[in-house]
Amino acid sequence: MSRRQITGFSNPTVKALRALRDKKHRKAAGQFLAEGLRLLTDARESGRQPEILVMAEGRDPHPLLAALEADVLAAGGEVIETSADILSKITGKDNPQAVCGVFTEFDTTLAALDRSTAKLWLVAQALRDPGNLGTMLRTGDAVGAGGLILIDDCADPFSAEAVRASMGAVFTQQIAQARWEEFLPWLRSGAGQLVAASLRDAVPYRGAPYAAPCFILVGNESRGLPEEYEQACDLRVTMPMKGRADSLNAAVAGAVLAYEVLDALGD
């Protein structure tokens, strides 16, 4: 275990941590940042612990922070104290929270998923907005989903924006990343109903014949799902649009469908 203080902006550790704001550096290091005591406490309660804990000097004492610090040190991690200005440089925020943590990225292969652990899973194809991605993780946590499977070129689930938008769900939900041509054979290798919101040969989403484990597929924010992806689904459902809008936000559509499936499958 180790504890140290950093006082200089040019310190190599500061540069390395700051670089984690960039996807290329996150992938190279296999690490990501999470900021704020609430997020770090959610991670701790989910069995996830930061390798490095960075805390601002002069912060207000808090029992949750003290517990987090003790756990990191006991596990052989590192605790760094630094100024608020340096913490701001690391996180890229003008008014950073008093603490941030560096976590090892999780195993995001399909092989790491056990579909039998949940009745419901969320799947997003080409989801580009990290806020939507974080919202889908948060929805998954709310409905007791097993996790979120990201298909094709999605936003990075370990970006600061997605982690923040997930409100801690990045630590409670399993995350997988795959191409469509990998995902479909994996899905068909076991039990699983693939459901998409669609206008093609669709039935009303209320009262549709959902079956567990149910995989809810949501498409790109502006383009929706490719037709071939929709055709591969076991069930296509439609949600009524009463106003002028012709579609819902991707994350909102996923949430509406998830609660309907949850109700149909039972708790």
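Analyst: Let us begin with a single residue. D141 belongs to helix α6, which covers residues 130-143; helices (H or I, at least four residues) and strands (E, at least two) are DSSP runs, numbered from the N terminus. The model is predicted, so local features need pLDDT of at least 70 and side-chain atom pairs count only at pLDDT 80 or more, while totals for chains, interfaces and linings use all residues. Residues are numbered from 1 along each chain as its sequence is written, and side-chain values use heavy atoms, with hydrogens and water left out.

User: Is D141 buried, exposed or partly exposed, and what does D141 touch?

Analyst: D141 has a relative accessible area of 39% and therefore counts as partly exposed. The scale calls a residue buried under 20% relative accessible area, exposed over 50% and partly exposed in between, with a 1.4 Å probe and protein chains only. Leaving out residues up to four places away in sequence, D141 touches A169, T172 and Q173; contact means heavy atoms within 4.5 Å. As for F32, D141 is 109 residues away in sequence, and their C-alpha atoms are 20 Å apart in space.

User: How is the packing of two helices described, and at what angle do α1 and α5 pack?

Analyst: Two packed helices are described by the angle between their axes and the distance between the axes. Here helix α1 (residues 12-19) and helix α5 (residues 84-91) pack at about 40 degrees, and their axes are 7 Å apart. The axes are lines fitted to C-alpha atoms, for helices over the stretch in contact, and angles run from 0 to 180 degrees between N-to-C directions. The pair is therefore oblique, given that angles under 35 degrees count as roughly parallel, over 145 as roughly antiparallel, 65 to 115 as roughly perpendicular and the rest as oblique.

User: Which residues of α1 and α5 meet?

Analyst: V14, L17 and R18 of α1 meet I86, K89 and I90 of α5. The residues of this contact comprise four nonpolar, no polar and two charged. Also in α5 is L87, which counts as buried because its relative accessibility is 0%. The C-alpha atoms of L87 and F9 are separated by 9.6 Å, although the two residues are 78 apart along the chain.

User: Which residues have the most contacts inside the largest nonpolar core?

Analyst: A nonpolar core is a set of buried Ala, Val, Leu, Ile, Met, Phe, Trp, Tyr and Cys residues joined through side-chain atoms within 4.5 Å. The largest one has 52 residues, and F171, Y210 and I216 have the most contacts inside it. Helix α10 (residues 250-265) gives the most to this core, namely six residues. A second, separate core has 20 residues, including W121, I151, L194 and A196.

User: What does I216 touch beyond its neighbours in sequence?

Analyst: With residues up to four places away in sequence set aside, I216 touches L120, W121, L122, V123, V195, L257, A258 and V261. A258, found in α10, counts as buried because its relative accessibility is 0%. Its own contacts, again beyond four places in sequence, are L120, L122, T139, V143 and I216.

User: Which elements do the buried residues of α3 pack against?

Analyst: In α3 (residues 37-45), L37, L39, L40, T41 and A43 are buried. The buried residues of this helix pack against β2 (31-35), β3 (52-56), α4 (63-74), β5 (99-104) and α7 (160-165). After α3 comes G47, with a positive phi near 85 degrees.

How values were computed
Nonpolar A, V, L, I, M, F, W, Y, C, P; charged D, E, K, R; others polar.
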